[in-house]
Amino acid sequence: MSNLNEIGLNTEKSKKNAEKLNKLLANYSIFYQNTRGFHWNIKGDKFFELHVKFEELYNDLKVKIDEVAERILTLGYTAEHRYSKYNSESIIDESELISDGLEAVENILNSYSTILTMQREILDTATDANDEGTVALMSDYIQQQEKEVWMYSSLLNK
């Protein structure tokens, strides 16, 4: 009996990666919905700038949600889709109704901090499993999101 899955990766290590990816999926999903709320409810002097930026962000998150789910499936496991499960698994909390742009940006930065930490952990376990597909995905996300953190932090003069 082989301990390799359909794509030639160790099944136990792939299971561990899929579990971590499902947790990431939960966090991405809450982050996504929070960002949609920021986009819809933003008010104030930065409205035009942030309304567009938040839309760019939630569109990017939507793509990442799909890619993470598809990676879980590629590893041979089921991608979670229930918001009840997302709420119980996510480290990122649903935000309250936020209309202040700078408060929304703080929330986004906190969410990125959580996401980046999770992705670095997945990068480590995927590297250990010789799971180049997951490594590449996490590496690309981390590089892009570090730049986003810099940009959002600059808005807050951090």
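How many nonpolar, polar and charged residues are in the lining of the largest pocket? In this predicted model, that lining has 6 nonpolar, 5 polar and 2 charged residues.

## The largest pocket

The largest pocket holds about 150 Å³ of space, and 13 residues line it. Those that lie nearest its centre are Gln 33, Asn 34, Gly 37, Ser 95 and Leu 97. Helix α1, which runs over residues 11–41, supplies the largest share of the lining, with 7 residues.

In soluble globular proteins, nonpolar side chains tend to be buried together. Here the largest nonpolar core has 39 residues, and the members that touch the most others in it are Leu 24 and Phe 54. Two or more residues of this core come from each of the elements α1, α2 (47–74), α4 (101–128) and α5 (132–155), and α1 gives the most, with 10 residues.

The contacts of Phe 54 can be listed once its neighbours within four places in sequence are left aside. Phe 54 is then in contact with Thr 35, Phe 38, His 39 and Ile 42, with Gly 101, Ala 104, Val 105 and Ile 108, and with Tyr 152.

## Aromatic pairs

Across the whole structure, a search finds 7 aromatic pairs. For Phe 31 and Tyr 112, the ring centres are 5.3 Å apart and the planes stand at 85°, and because planes over 60 degrees apart count as edge-to-face, the pair belongs to that class. Since Phe 31 lies in helix α1 and Tyr 112 in helix α4, the pair ties together parts that are 81 residues apart in sequence.

Phe 31 and Tyr 112 are both buried. Ring pairs also bring in Tyr 152, so that Phe 31, Tyr 112 and Tyr 152 are linked into a cluster. Tyr 152 is also among the residues in contact with Phe 54.

Asn 27 has its place in helix α1. Because its relative accessibility is 0%, and buried means under 20%, Asn 27 counts as buried.

With its neighbours within four places in sequence again left aside, Asn 27 is in contact with Glu 89, Ser 90, Ile 91 and Ile 92, and also with Thr 114, Ile 115 and Met 118.

Terms used: Residues numbered from 1 in each chain as written. Predicted model: local features only at pLDDT ≥ 70, side-chain atom pairs only at ≥ 80, totals over all residues. Heavy atoms only, no water. 1 Å grid on protein atoms, 1.4 Å probe; cavity = no way out; pocket = protein on both sides within 12 Å on 5 of 7 lines; lining within 4 Å. Points joined across faces, edges and corners; volume = space filled by probe spheres on them. Helix = DSSP H or I, 4+ residues; strand = E, 2+ residues; numbered from the N terminus. Nonpolar A, V, L, I, M, F, W, Y, C, P; charged D, E, K, R; others polar. Core = buried A, V, L, I, M, F, W, Y, C linked by side-chain atoms within 4.5 Å. Buried < 20%, exposed > 50% of the residue type's maximum accessible area, 1.4 Å probe, protein only. Contact = heavy atoms within 4.5 Å. Phe/Tyr/Trp six-rings, centres within 6.5 Å; stacked < 30°, edge-to-face > 60°.
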